[in-house]
Amino acid sequence: MTTTAQAFNTRKEQQEPRCSSPDVSEQSYLVQVVNRDSWFTARSDKSLLVGMELDASQTIAVGCRGGGCGMCKIRVLAGKYDSKRMSRAHISEQEQAEDYVLACRIYPRSDLVIESDHFTVKPEL
Amino acid sequence: MKKGVMRPGHIQLRVLDMEEALAHYRDLIGLIEMDRDDQGRVYLKGWTEVDKFSVVLREADEPGMDFVGFKVLNNQVLEQLQGELVEFGCQVENIPAGELNGCGRRVRFDSPTGHMFELYADKEQTGKWGISSTNPDAFPMDLKGMKATRFDHCLLYGGDLDGTLKLFQQVLGFDLAEQVMDENGTRVAQFLTISTKAHDIAFIKHPEDSKFHHASFYLETWEDVLRAADLISITDTSLDIGPTRHGLTHGKTIYFFDPSGNRSEVFCGGDYHYPDHEPVTWTTDQLGKAIFYHDRKLNERFLTALT
Ligand code: FES
Ligand SMILES: [Fe+2]
């Protein structure tokens, strides 16, 4: 018996990813998660994090989904995106310039290559 | 021992986008918009609250909590406690009357867990919203969303729980109503009350100071909590967990996030506390049940998604 999760994994290993779906008006883009050796498809009308959840992927940690907690911090290595305001506590100006983002605040505008798991709790000494 | 502190009176929260925040706090949770000021802050309250406001939203680059304010009985108490806060070693600052519209002089102070608190004696009283104080009807007709009745409490995360407990017990007169103890006898969670509620404020131990976990709003019934869950789905609001029950305080609850990632709670029910009651104790080996009584396990997000 295959679980739903296994079925999804099989699909992802065997099927060639499609970059757009014909039956919806918004764009779908392919997102490669290099550190997890995995990928998902994300819609242009949802944040990257919610798009990942809708595709039943678990490649980025999910927290508040609102740009506040930092749990979904990733680095975009290639591709285009639009972004909404993100907490400065988690993304400094310097980091923003280096394409560190909160996945729940960016909207894909092309296929993306990303690296997830950049969140750390900062103990104040 | 009671020192003249009455209740949590206001909380100021930072949000990334004011209009999105108002869709959450006003239209979804159902708080009443009461005022705005020249700094762009928006003042809200639950409809049963007699004072003018209890929630202040401020647009900023970094979501989280600016401060929680407690109302005290009168100005004599305010003077007295100001002195005791200085003596305790807090950094104490005077905020002049009117800095928040309709609020009197505030005494602001820091705490060992890094959070900022305030005391004040005076705030304009506009009465319960939408009903008279003479022959009052059960509720006003035109409430929105979850129809939250009041700002109830908040939960904060930080390091030095013992220090903040000492401040709240010795200087402010709070009681320890509930606690979580680990196997070494270290307190890792403390629920403090200044009333008969199971908590007016709570703290959980965390390596990073001055973090905000949630602000909580009171609903009347479990049915209302289930309806809140429906509204969270209808509006596609970011859900944390619930509807469920807490072991700690036994409140029935649902957690969700505002559009800037600050966690909100609406809840009903829960235990009561009198000053002669021993604290209720949960142990960390039962932490799952203590936090989420039905699931009996913690989700990672409850401990790490903070602002
Ligand atoms: S999930 Fe909290 S910042 Fe993205
Ligand atoms: Fe709570």
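This is a predicted model: local features need pLDDT of at least 70, side-chain atom pairs count only at pLDDT 80 or more; totals for chains, interfaces and linings use all residues.

**Briefing: cavities, pocket, interface and backbone**

By class, the residues that line the largest cavity comprise ten nonpolar, five polar and one charged.

**Cavities**

- Rolling a probe the size of a water molecule over the atoms shows where empty space is left.
- The structure holds two cavities of 30 Å³ or more, and the largest cavity has a volume of about 110 Å³.
- The largest cavity is lined by 16 residues, and those closest to its centre are B:Leu155, B:Phe191, B:His214, B:His246 and B:Tyr255.
- Three elements of chain B, namely β9 (150–158), β12 (201–205) and α5 (287–291), each supply at least two residues of the lining of the largest cavity, and β9(B) gives the most, with three residues.
- The second largest cavity has a volume of about 70 Å³, and of the eleven residues that line this second cavity, the closest to its centre are A:His90, A:Phe119, B:Glu208, B:Lys211 and B:Thr304.
- Divided by class, the lining of the second largest cavity has four nonpolar, four polar and three charged residues.

**The largest pocket**

- The largest pocket has a volume of about 760 Å³, and of the 25 residues that line this pocket, the closest to its centre are A:Arg65, B:Thr235, B:Asp236, B:Thr237 and B:Ser238.
- The elements that give two or more residues to the lining of the largest pocket are α2 (48–54) of chain A and α1 (18–28) of chain B, and α1(B) gives the most, with five residues.
- By class, the lining of the largest pocket divides into ten nonpolar, six polar and nine charged residues.

- The size of an interface is often given as the accessible area lost when the parts come together.
- Between chain A and chain B the buried area is about 1,800 Å², of which carbon and sulfur atoms give 49%.
- In terms of residues, 22 of chain A are in contact with 24 of chain B.
- The rule finds three salt bridges across the interface of chain A and chain B, and A:Lys84 forms a salt bridge with B:Glu20, in which the closest N and O atoms are 2.8 Å apart.
- The count of residue pairs in polar contact between chain A and chain B, with both residues at pLDDT 80 or more, is ten.
- On the side of chain A that touches chain B, the residues are nine nonpolar, five polar and eight charged by class.

**Details of the backbone**

- Most residues other than glycine have a negative phi, and most peptide bonds are trans.
- The peptide bond from B:Gly242 to B:Pro243 is cis, with omega near 0°, and B:Pro243 has its place in strand β14 (residues 239–245) of chain B.
- In chain A, the phi of A:Asp37 is near 55°, which is a positive value in a residue other than glycine, and A:Asp37 lies in the loop between β1 (28–33) and β2 (38–43) of chain A.

Key. Residues are numbered from 1 along each chain as its sequence is written. Chains are lettered from A and ligands numbered from 1 in the order in which they are written. Side-chain values use heavy atoms; hydrogens and water are left out. Contact means heavy atoms within 4.5 Å. Buried area is the accessible area (1.4 Å probe) that two parts lose on being put together, summed over both. A salt bridge is a side-chain nitrogen of Lys or Arg within 4 Å of a carboxyl oxygen of Asp or Glu. A polar contact is a pair of N or O atoms within 3.5 Å; within protein, one must be able to donate a hydrogen and the other to accept it, and residues adjacent in sequence count only if both atoms are side-chain atoms. Ala, Val, Leu, Ile, Met, Phe, Trp, Tyr, Cys and Pro count as nonpolar, Asp, Glu, Lys and Arg as charged, and the others, Gly among them, as polar. On a 1 Å grid over the protein atoms alone, a cavity is a set of points where a 1.4 Å probe fits but cannot get out, and a pocket is an open set with protein on both sides within 12 Å along at least five of seven lines; lining residues have an atom within 4 Å of a point. Grid points are joined across faces, edges and corners, and a volume is the space filled by probe spheres set on the points. Helices (H or I, at least four residues) and strands (E, at least two) are DSSP runs, numbered from the N terminus.
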